[in-house]
Amino acid sequence: MATILVIGGNFAGLTSALEIKRRLKNQDHRVVVISNHENFLFVPSLIWIPFREREIEDISLPLRPILETHGVEFLLATATKILAEESKVETTSGTYEYDYLVIATGPSLDYSLPGLGPKTGYTQCVCTPNDALAIRDRFDQFVEHPGPAVIGAAPGAGCTGAAYEFLFNFEYNLRKRGVRDRVELTWITPEPFLGHFGIGGIKGAAPMLHKFFDSLHIRYIENADLVEVTKDELRLRDGTALPFSFSMIMPPFLGQEVVRNSPGVGNAKGYVPVHDTYQHKTYPNIFAAGIAVDVPVPFVTPVAVGVPKTGYPADEAGKTVGENIARLVNDNVDLKSRPFAKIPGLCVMDAGHKEVIIVSNHLMKPREFAAIIPNPIYDEGKRLFEKYFLWKTKHGYSYLP
Ligand SMILES: Cc1cc2nc3c(=O)[nH]c(=O)nc-3n(C[C@H](O)[C@H](O)[C@H](O)COP(=O)(O)OP(=O)(O)OC[C@H]3O[C@@H](n4cnc5c(N)ncnc54)[C@H](O)[C@@H]3O)c2cc1C
């Protein structure tokens with residue numbers, strides 16, 4: 001009997017665990033998810049939390065029943081160290097041995113830039129439930145006393161798409177609250193051009209975003225190299241100082257502490273180096289999926305831009321990991337290869353009561369097909385996607401797209 005541990009129970013971890021168990025159906029193997037959260041969280045809908053369009057409960061599902069219904073065990077604990085040479089994981093609830101390990105721990109947020117972030121700095125962040133909730137009061141205060149606002153992403157940030165979504169929702173809600181004309185709104189981005197998105201751009205994205213920005217009167221600064229935030233000013237390397245009363249800046253991501261604490265498992269940033277099979281480059285019984293995976297940036301830009309490891313590739317990698325571990329457990333060493341860059345791109349970007357759908361045959365260039373299409377029916381696509389994904393997750397249908 002093999003024991004397979006999966007650290008992390010969100011997009012990549014949940015899919016991996018359910019797929020391993022599904023593919024090893026009727027075989028007597030243990031699959032255990034170790035997660036420090038008892039719920040699955042549909043992270044993409046966090047952008048609506050600050051504007052009270054969602055509550056955290058609306059986008060959360062309890063993990064234990066989903067997993068146990070499908071024969072997967074659940075351990076509510078934080079993994080603190082991976083002892084790769086001994087095939088063991090230390091957690092806040094004991095040490096566990098494994099035959100195979102999946103690392104699906106997602107990102108931690110890098111607030112090392114002076115003044116960045118809601119706890120030790122002055123900018124808001126929409127990446128975690130608590131931080132997204134905290135923006136509600138800040139936004140209410142801002143509406144009472146409007147002033148300049150700066151939204152954007154710090155150098156190295158990979159999740160620029162979510163920052164764009166926040167920008168357009170922020171702008172839309174200022175209009176709804178009747179104060180848009182009292183706010184000078186600026187977007188700063190490390191991208192070399194609008195719509196680069198950390199994937200080298202998509203045909204048609206830059207002109208479309210230019211139109212949005214012009215019609216909504218949003219000033220923008222490309223190649224913005226943010227170096228410091230003070231109580232009331234964002235400072236760029238070229239000396240530009242941007243005063244603000246409200247600011248949301250997407251930070252760069254790092255791998256999780258458990259990976260950074262485990263010698264030989266991750267690189268300097270805490271990401272796990274894997275082959276195109278998602279198998280660890282040094283330890284063949286370790287796999288990784290989702291944001292935990294090391295994806296080298298395939299382009300050079302004047303200011304560092306990270307690669308977005310979005311939900312669809314996290315889910316696809318989880319499926320590949322599930323298939324490959326099931327093969328190894330059954331002594332089949334012919335593993336499936338699914339290079340990250342060649343996974344199709346599929347993303348719906350909410351643009352504040354309207355949205356655009358981004359599709360491509362490959363996430364990264366070269367691509368044979370790529371398009372950005374405005375949705376004629378407001379922003380219903382992302383809302384439908386949320387409902388579909390929560391339905392699929394609740395029923396544990398990990399094999400569905
Ligand atoms: C605001 C925002 C909006 C986004 N919008 C979109 C979008 O519209 N479309 C899209 O495709 N993608 C979007 N993304 C990206 C998407 O959320 C990620 O791709 C996805 O969450 C990655 O899945 P993951 O499983 O790798 O990581 P996560 O979803 O972060 O899951 C990792 C899990 O591991 C747990 N964990 C971490 N460390 C430990 C530990 N030591 N022990 C135990 N458990 C641990 C965490 O608590 C978490 O539950 C967005 C991201 C953000 C932040």
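## Ligand shell

Helices and strands here are DSSP runs, numbered from the N terminus; a helix needs at least four residues and a strand at least two. The model is predicted. In it, α7 gives the most to the shell around the ligand, with three residues.

The shell counts 35 residues, and N36, H37, K309, T310 and G311 are the closest. By class, 20 are nonpolar, 12 polar and three charged.

## Polar contacts and burial

H37 places a polar side-chain atom 2.8 Å from a ligand oxygen. A polar backbone atom of G311 is also 2.8 Å from an oxygen atom of the ligand. For F11, a polar backbone atom is 3.4 Å from a ligand oxygen.

Alone, the ligand exposes 990 Å², and the protein buries 91% of that. Elements giving two or more residues to the shell are α1 (11-23), β2 (30-35), α4 (160-176), α7 (311-329) and β20 (345-350).

## Position between domains

Domain 1 spans 3-107 + 255-340, and domain 2 spans 110-251. Both give residues to the shell, so the ligand lies between them.

## Aromatic pairs

The model has 25 aromatic pairs, with ring centres within 6.5 Å. In one of them, F51 and F139 have ring centres 5.2 Å apart and planes at 90°, so the pair is edge-to-face. F51 sits in the loop between β3 (39-41) and β4 (60-62), while F139 belongs to helix α3 (residues 129-144), so the pair ties together parts 88 residues apart in sequence. Both F51 and F139 are buried.

Ring pairs also link a cluster: Y164, F168, W187, F197, F212, F213 and Y220.

How values were computed:
Residues are numbered from 1 along each chain as its sequence is written. This is a predicted model: local features need pLDDT of at least 70, side-chain atom pairs count only at pLDDT 80 or more; totals for chains, interfaces and linings use all residues. Side-chain values use heavy atoms; hydrogens and water are left out. A residue is near a molecule or strand if one of its heavy atoms lies within 4 Å of it. A polar contact is a pair of N or O atoms within 3.5 Å; within protein, one must be able to donate a hydrogen and the other to accept it, and residues adjacent in sequence count only if both atoms are side-chain atoms. Accessible areas come from the Shrake-Rupley method with a 1.4 Å probe; for residues, only the protein chains shown count as cover. Ala, Val, Leu, Ile, Met, Phe, Trp, Tyr, Cys and Pro count as nonpolar, Asp, Glu, Lys and Arg as charged, and the others, Gly among them, as polar. Domain bounds come from an automatic or database domain assignment. Rings of Phe, Tyr and Trp (its six-membered ring) pair if their centres lie within 6.5 Å; planes under 30 degrees apart count as stacked, over 60 as edge-to-face and the rest as tilted. Buried means under 20% relative accessible area, exposed over 50%, partly exposed in between (1.4 Å probe, protein chains only).
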